[in-house]
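Welcome! Have a look at the structure, then try each task before reading on.

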Amino acid sequence: MEATVEVTGLRKRYGPTTALDGMTFTVRPGQVTGFVGPNGAGKSTTMRVILGLDTADEGTALIGGQPYRNLRNPLNHIGALLDAAALQPGRTARNHLLWLAHSQGLGARRVDDVIEQAGLGPVAGRRTAGFSLGMRQRLGIAAALLGDPPVIMLDEPFNGLDPEGIVWMRDFQRALAAQGRAVLLSSHLMSELQDTADHLVVVGRGRVIADTSVRELIGTASGDRVTLRTSARSEAMTALAYAGATVAATDRDTLTVSGLAAEHVVTLLGESGVPFSEVSAHRATLEEAYMELTRDAVEFRAAAAEEPAR
Amino acid sequence: MTLTTTSYRSGTPAVHAGFAQQLRAEWTKFRTVRGWVAGLAAAALVIVLIGLIGAHTERPTCEDPNQPCTGARGPGGEAVTDRFYFVHQPLTGDGSITVRITSLAPEGAKGGLPPWAKAGIVLKAGDRAGSAYAAVMATAGHGVRMQHNYTHDTAGAPGTVSAASPHWLRLTRTGDTVTGYRSADGARWTAVGTARLTGLPSQVQAGMFAASPPATESTSQKFGGLSNRGAPTRATGVFDHVALSGTESGDAAWHGEQMGGPADDFASDGTFRRADDTFTVTGSGDIAPAVGGPMTAGGQTIERSLAGTFVGLILVIVVGVTFITAEYRRGLIRTTLMASPRRGRAPAAKAVVLAAVTFAAGLPAAAAAVLLGEWLVRPGGFDFPVGSLTELRVVAGTAALLAVTAVLAMAVGTVLRRSAGAVTLVFAAIVLPYILATASILPAGPSQWLLRVTPAAGFAIQQNMPQYAQVDSDYTPAFGYFPLPPWGGFAVLCGWTAVALGAAVFMMRRRDA
């Protein structure tokens, strides 16, 4: 059985608002898949549907080919962290992991293993009431690892982490993927995923906007935009527009050209005798690519479903 | 970056996570939260402590330290009332006594007689209060009766007694067997009943008696509580044609005696006059099993030693509700459902664990409260002694009452998902009706209704007070009498709990977590 999450055509409405609108994607093993989109895009709802917590109106979410609710020992199939704050404050970290282990027929030894893995050793015997968000996130990771599952799914794992914690989380997820696990990380900030994810599922307004590798996405977003620095701005604009490009003045001596590759711009300006001091192909950051993709989603965010309050 | 195409193989062996695993998980959850464990311990403690305080304050003051300071005990060990005026003489061996009774009337002009005012003839094993007897009598409101050993009562001819329609009464002893007869004319006799008085001594006291139970007045007070006032009543029976056969003593040997102690709020001293062959006997009190009610309110009973149950129940409700609402409050319920996606399982496992731990906490608490209460009121034990089976039912039933209520609280918590609302609702459903009904805040009618239909009916499992048709009393919740039988009342509580649990499972299945 392939250790993947397959989400197909999920639709869900909360009253008048559409939370999921045909969400479809697959999480593959051996890589970190970033699940990214603005707040209210349907990321958490999708994750809850995958985990059998919410019921979709339409569509299916399968883990290794089965719906979550059919799994007999679910934590051996998928480990998830939805909300690091979901802890009984009076219970110690170790006891939290212990009841979870017992629910899966696992013993205390496995609990000690994941405490070690998540680096919780020094605080395992303390009640979670006093835990920082970073410690809670680590505890959530430990819980997700209890069943040693082939699929790991984390909702906003970087939230509230200090820089050191972010580095730890990033390396940890990469290591899990390197072991062959399928890792799905959600985030509303693309920058968090820039150095973590191999693959991206970009969502907005309840559906997938882009399902692509990080490299492709940057390439696509960069498009064929060219930044041109010239003292003869109007001549350049005329010449380029005549050749079919779209030209926008970004500064007194800077133009952004799209619809023409950089080489063509250079050739054209040379032929037309327009002076220029610099021609550079525009390199988009992942963040810019993401902003580009999700612009619509963000614009309509006010009207779109807010993720249901938890 | 390297893309691995082969899936990760889990290193942990897959164990089938079934209901047993979930039970263990819920038990681990319970025992690892200090508040829940402490809550149940406190519930157990409060039940014992309140029981002890109650037993201590109710401890009877005994003027004579050499005498047991509890009431009389009948041949079966039950608490009895044995106060009457007795005109008697010894009867040795087999024999019989015959009288004609021509009148049974209240003494003095104050109102009528209580329906169970009685006058007739009795064969009694001895002077000791609570000794065996058999009697046949006329009553003010229940016709002719044959009664023996306090708890047995057989109806004879109906109707009141008057000079125009007198009753001829006869008791015949043959060995251990006493038969009671009634006749309208002294010629044709009808047997009313037969009593076997095992171990009846050869010599018994035979004679005429009169008794009349006290009129009790219970006035509800403004803020709960009852003010009970007993007022003795006296009945006068007029006898003639007195004949005693089988004894050597003469007609002059009749001797009048007040039985069962000095006068008090409930019985006054009787008298006896003889004019030629007419005997006029006036007596107060009753020969009957003791029952609860205004007369005996305040006595130490097994039920009273468990008076702390409802306080413990409040703590149990809080523990039961928060066992689930704490998960909803923090979102932990999602983790629970992720670990065990089958929706009915979580409430079921929680119910089993809660019931088990609450029962385990309640059982020793109830047993300690009862045993310590019994020990404190020694040497006589409880005012209403109960058999060990009844005691077991009351103790185990109290633990079960706590356990089922914990499950009810958890189920309501699952449906409402809010601690405050669920605690309030369950409190209002079980503790409040119990207090309203038993603390005499409400009149008897609504009280009984509450204890029939609300989950508070489950408190009936603690009921142990005796109730007899031949004794009139306030058989109301205020005096420890529940309208439903013990297991019937408990079944009502279980029914409510089953409904709540069903609703909990239904809601869990239906709504998103």
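Rings of Phe, Tyr and Trp (its six-membered ring) pair if their centres lie within 6.5 Å; planes under 30 degrees apart count as stacked, over 60 as edge-to-face and the rest as tilted. This is a predicted model, in which local features need pLDDT of at least 70 and side-chain atom pairs count only at pLDDT 80 or more, while totals for chains, interfaces and linings use all residues. Residues are numbered from 1 along each chain as its sequence is written, chains are lettered from A and ligands numbered from 1 in the order in which they are written, and side-chain values use heavy atoms, with hydrogens and water left out.

**Exercise 1. Aromatic rings**

Task: find which residues form one aromatic cluster with Trp36(B), and classify the pair Phe30(B) and Phe323(B).

Solution: 
- Step 1. The cluster consists of Phe30(B), Trp36(B) and Phe323(B).
- Step 2. Over all chains, the rule gives 14 aromatic pairs.
- Step 3. For Phe30(B) and Phe323(B), the ring centres are 5.5 Å apart and the planes are at 75 degrees, so this pair is edge-to-face.
- Step 4. The pair joins distant parts of the chain: Phe30(B) belongs to helix α1 (residues 19–31) of chain B and Phe323(B) to helix α3 (residues 309–330) of chain B, 293 residues apart. Helices (H or I, at least four residues) and strands (E, at least two) are DSSP runs, numbered from the N terminus.
- Step 5. Phe30(B) and Phe323(B) are both buried (buried means under 20% relative accessible area, exposed over 50%, partly exposed in between, with a 1.4 Å probe and protein chains only).
- Step 6. Tyr475(B) and Tyr481(B) also make an edge-to-face pair, with 4.8 Å from centre to centre and 75 degrees between the planes. Both of these tyrosines, Tyr475(B) and Tyr481(B), are buried.

**Exercise 2. A helix and what follows**

Solution: 
- Step 1. Among the buried residues of α7(B) are Val426(B), Ile430(B) and Tyr434(B). The buried residues of this helix pack against α3, α6 (388–416), α8 and α9 (486–510) of chain B.
- Step 2. Ser440(B) counts as buried because its relative accessibility is 9%. The C-alpha atoms of Ser440(B) and Ala478(B) are separated by 5.3 Å, although the two residues are 38 apart along the chain.

**Exercise 3. A hairpin**

Task: work out in which sense β7(B) and β8(B) pair, parallel or antiparallel.

Solution: 
- Step 1. Two strands pair if DSSP finds at least two bridges between them.
- Step 2. Strand β7 (residues 144–148) of chain B and strand β8 (residues 152–155) of chain B have 4 bridges, in the antiparallel sense.
- Step 3. Arg145(B) has Ala155(B) as its bridge partner in β8(B).
- Step 4. The hairpin has 3 residues between the strands, and in it Asn149(B) takes a positive phi near 45 degrees.

Technical notes:
Contact = heavy atoms within 4.5 Å.
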